[in-house]
Structures are given as structure tokens and as C-alpha cells.
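The sequence and structure come next.

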Amino acid sequence: MATVAALRAPTIDEQRDPRYAWVMLPVAMLMNIGTSPGQTFAVSVFNEPMRESLGLSHSMLSGAYLVASLLAAVPLMTIGRRMDRHGLKIVSIAMATSVGVACFVVAGAQSVVALTIGLFLLRACGQGGLSMAAGNTLGMWFNRRLGLASGIAGVGMSAAIAVTPPIYLYLIHTFGWRSAYAMIGCVTMLVLLPLLFAVYRNSPASADASSMTSIGQIAKFAKPRHQYSRSEAMQTASYWVALGCSSVLGFACTAVFFNLVPLFKDSGLTAAHAASIFPTMAMAMAAMQIQGGLIADRVPLKWLQTFSMTIMGVGMVLLASGLSLWTAHVAAALIGGGQGLMGVVGNSLWPRYFGRQHLGAIRSSVWTAAIASCAVGPFVMGVVFDLTGSYTPTLVLFVAMFVGAACGASLWGGPPVEVVAKEEVVEELLPLGERCVA
């Protein structure tokens, strides 16, 4: 009798990814890094000089960031559909160009309205569109080693978190915040645009046949198994669990990082102590991305989601229980590791669970929710602090949200079973080695 693993024994070609995929990997990594000007860890460096230069209060600046981030979620559905319709290359070029232009808009802002417009473009086209394009690039090119590729690409973003804030701070102190943002925009376009025009390919089917391992692989990538539309995906529990995990992560982590300095000062620590945890977080994120990438190719993704939510919940418990410098670094390592693992899970889960044909539309709906959560989280944390005089109630809320997300992932985070054939479900659940043995 055939073993369970023999239900669908992959061919030799199916065990390989196209050789050109490893050329696309560093491109996707640089695309991720190119979103830095609109990420919270970078914008926070500019907050004080922008606020003082424009004569804004703290609430006006945070309000501008809230409005910009909320509005940034609106066009993502359209951007995702354009990826499916026109291809990733043209959309990626448009997003990279828009990030550069947005930097110039922020650099020239003379009012809170102009600043909000610039931040909106940075969040929508950088954190939203360009990040989504980078993730979809990996999903389009990798199959067998998608987890590993996602982990490697994520290391680039971890490096950006560790390196770009001090670089941006140096530029601000040397040239002023306006010139600094203009320079960042120039570098972003000068690096990304030539690379995207010359090297980027939409998919293995659109690349030269000589870059493929076989004609069979071209057919395999051009004709994946079941292709979920966005509406079909939204009828599965898997979709809502993954969306919920992404939203909880964005809601809680953005709130903590946006309020990191006052959170530390509330516990008797300093702003320098708050800044010191970013390298710890970045190293933990990078380590977990590499390890998680290897694991994601071998174990069910729902357990990685569960573990990620769990360790971030533990990190929030440490923040809520009263900080010392030691516990702050442990919390940063746990939160960074959880974020890194979720990055790998996100890039692996969507193409593996729902296919590639409507990947842009599906992921854009998730990004819309995640970016909206990122916008609301800091505001909720600030309001609760104003009402209670403490960050602890919000941190307790975050712990409860992570616990709920972990439970949901463990129960309903597996691949959708409504229309997936039995052998495909078995293949997802079996470790890599078992899937390859008849």
C-alpha cells in the first residue's frame, strides 16, 4: 500500500526553484529596504526636528501621522489589483518612484497639510505598495525554498532597522532634516529604479527559458494548482486568522515603538536606553528570519504563527510588568524575533495557501487591515495614557490580543480545506523530507 506521502510525490523539477529566483532575491531585499523612509522606525528620528521647524504640537504631529497612515490603507486594494493585472515590475517601478517623490514632498513641507500628504505617500507607496511588491516577488519566484528566501530577504530589513536610524540622524545633524529627506529620496530612486528596469522580471514564465531549470518548471509556475480569488480566500478561516495575526502585530508593535521613549521614561529609564534596544531587536529579528525561513519549508505554517504570537505576547508581559534595562532587552528580543518569524510566515503563507494568480488582490486586502492597525495602535495607546496616566492597561490589552491570536492560529491557521484537494493538504502538513519519499 502506498504511504500517505505518496499521495503526491513531487518530481525532481518540482523540488527546485528557478535559478533566476536567486537573482530576484537581492532585488526583493533592496525593495524592502527602500521602504525605510516611510517606516515608523525611520520617521520617528525626524519627528522632533520636523515638529520644531513647522511649529507643531505633539498632538498635531501624531495626528498628522495617524491621518496619513489611515489614508494610506485606502489605495492598497487598487495597487494589489494592478499587480495582478499589469505585473509586478511596472507597479514596483511606480512605487519606488513614488517613495522618492514623497521624500521631496516631506522635505519641502511648510504646513501640517503638506506634511500629511508627504507622510501619506510614504506610507501608501513605501510601507504599503513597495513592501507588498517585495513580498509578492518572492511568492512569485520561489516555491520549494520560499521560506528560506523570505528569511534571507527579511535580514535586509532587520539590517535597515539597526542601521538607518543612526544614518538618518547623522544626515539630520549634518545637513538639516529637509536636506536629509531629499537626499534619502534621491538615493532610493538612484538605487532601485535602474535595478528594477534592468533586472526585474515579473515571473519565471516571463524570464528567458535559459534561466529556468526546465520547461516543466515554467509550466509549473505558470499553472499553479488551485487559484483562490480574493472573495474565495475571504471565505476561509485561514485568511482571517492570518489577517488577524498581521493586524494584532501592527496594532501592538507600532504603538509600543511610537511611544517607546515615554514608555521607558515612565519606568525610570532614559531615551538612550530606549534607543539601545533597536540593535537587540534587529539581531533577534534577523536570527529568527533565517531560522524561521528554514523551518517554514518543513513544518506547518500555523505552528509558526502560533509561536510568533506567543513570544510577542511574552514580550508585552515583560513590558507591562515594569522595565529594567535587562528585561527591556529581553522584551525587544522576543518582539523582534516574533516580528521576524511573522515576516517569513506572511511571505510563505499567501502563495502556498491561495496560489499566485490573485496574490496581489489577496495580500493587498491584508495590508490594508495591517496598515490601518498600525495607524490606530499608537493613537489608542496615547488616549489610554491620557485617561489613566499609565501605559500598563494598553500593554495588558496587547497581551490579551496576542493570546487570542495564538489560540486562533493553533486552531484554524492551517491551509484552507474547503476546495483544496486532499493530497495538497497532506503535502502542506508533512515535513519536507516526508513529502519527497514515496
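The model is predicted: local features need pLDDT of at least 70, side-chain atom pairs count only at pLDDT 80 or more, and totals for chains, interfaces and linings use all residues. Residues are numbered from 1 along each chain as its sequence is written, and side-chain values use heavy atoms, with hydrogens and water left out.

Helices are DSSP runs of H or I with at least four residues, numbered from the N terminus. H15 covers residues 325–354, which is 30 residues, and spans 43 Å from first to last C-alpha. This is close to the 44 Å expected at 1.5 Å a residue, where the expected span is 1.5 Å times one less than the number of residues. At Ser348 the helix H15 bends by about 25°, with Pro351 following within four residues; the bend is the angle between axes fitted to the seven residues ending there and the seven starting there. Of the 30 residues of H15, 22 are buried, so the rest of the structure largely encloses this helix.

Buried means under 20% relative accessible area, exposed over 50%, and partly exposed in between (1.4 Å probe, protein chains only).

| Residue | Relative accessible area | Class |
|---|---|---|
| Cys125 | 9% | buried |
| Cys407 | 41% | partly exposed |
| Leu30 | 34% | partly exposed |

Leu30 lies in helix H1 (residues 21–33). The count of disulfides (pairs of cysteine sulfur atoms within 2.5 Å) is 0.

How values were computed: Helices (H or I, at least four residues) and strands (E, at least two) are DSSP runs, numbered from the N terminus.
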